[in-house]
Amino acid sequence: DDSNVSRINGSPPFNNEGSFIKSGGTGTSIIASGILFVNTGSVDVQTGTLQLTTTATHTGTFDFTGATLQFNGGTHDLPVAHTLTGTNAIFDSGTVNMPGPYNVTGTTTVTGGTANWTGRIVDIGDLDLLSGTANLSNTEGLVTQPTIEQPAGTLTGTSDFTVTGRFTWTGGVQEGTGETNANGGLSLSGSGTKELRRTLNNPVS
């Protein structure tokens, strides 16, 4: 169900060496800030959202197929050996380091903090960059999206970012050594500040 794990005081550790399963409820289950939840086993989010809030180094697996995994604070170091697999991922606070494969088929939303992709991206789904930083430095050196609207936030990294449909840029920062390719056209609109610190290509369609 949508149960939360809370604390009264201190920073109690929660070491998941077995299976942690969220199997009921369509809302959000929160492991409260200050609880040191470390996954060395498996986390299986089958419905709703599981929110992680506290710094940890994880060596186990995360599967949120049909559900959502939300990072909301702290620094989370994910393993090289396992694929982060699921339908929707939200990065809205803290830092998440992903040196291993990433396979999210629905929506990847960055609303705050920093999400670092340095491993292989199997699928990133629809990327929504609303705030925070999306560091695209994946091993393939390329991330492709059908369309994207960037109202704020920072897109950075060593990988090229190609938009096959329209790229609507209303605010935020584009930086890093990779290039942004607006292959389906570029729309600059709105009064928000747009800072360009990387190569932006708007080719003939």
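The following exercises, each with a worked solution, concern a predicted model.

In this predicted model, local features need pLDDT of at least 70 and side-chain atom pairs count only at pLDDT 80 or more, while totals for chains, interfaces and linings use all residues. Residues are numbered from 1 along each chain as its sequence is written, and side-chain values use heavy atoms, with hydrogens and water left out.

**Exercise 1. State how many residues the largest nonpolar core has, and which of them have the most contacts inside it.**

Step 1. A nonpolar core is a set of buried Ala, Val, Leu, Ile, Met, Phe, Trp, Tyr and Cys residues joined through side-chain atoms within 4.5 Å. Buried means under 20% relative accessible area, exposed over 50%, and partly exposed in between, with a 1.4 Å probe and protein chains only.

Step 2. The largest core has 39 residues, and F91, M98, Y102 and W117 have the most contacts inside it.

Step 3. Among the elements that give two or more residues to this core are β8 (61-77), β9 (84-98) and β10 (102-117). Strands are DSSP runs (E, at least two residues), numbered from the N terminus.

**Exercise 2. Classify the ring pair of F91 and W117.**

Step 1. Rings of Phe, Tyr and Trp (its six-membered ring) pair if their centres lie within 6.5 Å; planes under 30 degrees apart count as stacked, over 60 as edge-to-face and the rest as tilted.

Step 2. Since the centres of the F91 and W117 rings are 5.5 Å apart and their planes stand at 75 degrees, the pair is edge-to-face.

Step 3. The pair links distant parts of the chain, with F91 in strand β9 and W117 in strand β10, 26 residues apart. Both F91 and W117 are buried.

Step 4. Together with F71 and Y102, F91 and W117 form one aromatic cluster.

Terms used:
Helix = DSSP H or I, 4+ residues; strand = E, 2+ residues; numbered from the N terminus.
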